[in-house]
Amino acid sequence: HPEQSYAVLFLDLDRFKVVNDSVGHLVGDEMLKQAALRLASACAPFMVARLGGDEFAVLVDSLPDQALAVTVAQRLIDSLNDPIRVTNKEMFTSASVGIAYADAHYTRAEELLRDADTAMYRAKARGRQCYEIFDEQLRAEAMRALDLEGDLRHALVRREFEPHFQSIVSLRDGQVVGYEALLRWNHPKRGLLLPADFLAAAEENGCIEQIDWQMFAMACEQARHLPESTYVSINVSARRLRVPDFDEVALRTIRSSGLEPQRVRLEVTEGALLDQPEQMSSILLRLRNAGVLVQLDDFGTGYSSLSYLHRFPIHSLKIDKSFVADLANEGSSPAVVRAIIALAESLGVEVIGEGVETPAQRDALVALGCEIGQGFLFSQPMLVKDLPGITG
C-alpha cells in the first residue's frame, strides 16, 4: 500500500545510564558498541543508525505489510537477551522499541521519528523489553498533550487556576479548625481538572513554578475570607523549597495578601525535607520565626525517620490516608497509627488524620488519640465562596 510502504523503529536501551554510572563510561562505550553490532545484525538487511547516546533508529522500507516491522522489532529485542561481556564482566541490557508506520498524516521525516519515539516511551511504561506501535490512540494522546501545553500558557494569563478549600476539623465535635487549599484548573472546555491531569505537562513545558506561585498567592488572598479562628494550609513542593530565598518570597506574598502569617501553614512531604536538609531547616526555621507553621504531609509513606522530626521545626503531621482507610479493617494499620500518634505526642507534634471517609474511620482515629481529621466525611474541596458560613 503506497501510504504504508515503510516504517520507522525507534529503539532505546533500557537502564543503560545505570550501567554507565556504575562501571564507567569506557566500559559503557564498549558495551554500547557490542550492542550496536547485535542490533545491526538483527535488523539486516535494513540499516540501523545511532541517533545519540543509547538511542537507535531503523528504517524498514519496502514494507509488504505491518507484520514485517513487528518482526524486525522483536528481532532487535531478542538480540539483547544474552549478556554482553566486557573486560570479563557480564552485563545485561534490553531494548524498548517504538514503531511508527508512514501514512498520510506525515509531511516531514522528523514527525515520523517523533511518533516512533513516543511509542517507545509507551513501551518503557509497559515494562520495557517490548515494542509498542504508534496508533490513533497514541496520536490522539499526543495531540491532547500538545493542546494542553498551549492551554497551560493561556491558563496562567487568564488565571484559570484556582484554590479549592477542604475543611480540617476537630474529630470530636466537627468544629472547623483550618482548611487545605487544593489546586484545581477550571479549564474552559474540559471542566474542572485535578493536578494529576496537568502537572506532568506543566513540568515538561517549564510553567510549573509560575503555577505554584500563582496558586500560593490566590490561596492567601482568598483565605482572608475564612473565619479568623481558622488557618489555611498550602502545599509546597521540594522544587520550590530548594529556592534559597523561598521564605522571603513566601512571606512577602502572604503579607501583600493581607493575611497574617500566623494563619498560614505550609504542607511539605518527607522527601522534600531530606533534599538539601540544611537549607530546608534554615528556611523553615525562618518561616516559623515569622509565624508560619510547617505541616508534614503523607506521614508514614516515606522515610518516617525520628532524626528529621527532631531536626526540622514541624508543628503537625498528617497520617497518610492509606493507613486511615484500613483503620476499620483487620490488619496492621491501627498499630501503625497508634505508633505514629505516640511518636507525635512525645515530640509535641499535632496529628491530623487524612482521607477520613466514614464514621467508623473517624471513631477509630478518636479511639487511638487523634483529635483532628480531614476528608470527604466532612466536606468536599470547594471554592471559598461556596464554603458553609462564608460571606463576602
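Me: Trp213 and Phe246, are they buried or exposed?
Reply: Both Trp213 and Phe246 are buried, where buried means under 20% relative accessible area, exposed over 50% and partly exposed in between, with a 1.4 Å probe and protein chains only. This is a predicted model, in which local features need pLDDT of at least 70 and side-chain atom pairs count only at pLDDT 80 or more, while totals for chains, interfaces and linings use all residues. Residues are numbered from 1 along each chain as its sequence is written, and side-chain values use heavy atoms, with hydrogens and water left out.

Me: OK, and how many aromatic pairs are there?
Reply: The count comes to five aromatic pairs, taking rings of Phe, Tyr and Trp (its six-membered ring) as paired if their centres lie within 6.5 Å, and calling planes under 30 degrees apart stacked, over 60 edge-to-face and the rest tilted. One of them, Phe161 with Phe198, is tilted, at 5.6 Å centre to centre and 45° between the planes. Phe161 sits in strand E8 and Phe198 in the loop between strand E10 (191-193) and helix H6 (199-205), so that the pair links distant parts of the chain, 37 residues apart; helices (H or I, at least four residues) and strands (E, at least two) are DSSP runs numbered from the N terminus.

Me: Which residues form a cluster?
Reply: Phe161, Trp185 and Phe198 form one aromatic cluster. Phe161 has 1% relative accessibility and counts as buried, and Phe198, at 0%, counts as buried too.

Me: New topic: where is Ser170 found, and what does it touch?
Reply: Ser170 is found in strand E8, residues 161-170. Leaving out residues up to four places away in sequence, Ser170 touches Gln175, Val177 and Glu371, with contact meaning heavy atoms within 4.5 Å. Ser170 is buried, with a relative accessible area of 16%.

Me: And at what angle do H2 and H3 pack?
Reply: Helix H2 (residues 25-43) and helix H3 (residues 66-78) pack at an angle of about 150°, with their axes 9 Å apart; axes are lines fitted to C-alpha atoms, for helices over the stretch in contact, and angles run from 0 to 180 degrees between N-to-C directions. That makes H2 roughly antiparallel to H3, given that angles under 35 degrees count as roughly parallel, over 145 as roughly antiparallel, 65 to 115 as roughly perpendicular and the rest as oblique.

Me: Which residues meet there?
Reply: Leu39, Ala42 and Cys43 in H2 meet Val72, Arg75 and Leu76 in H3.
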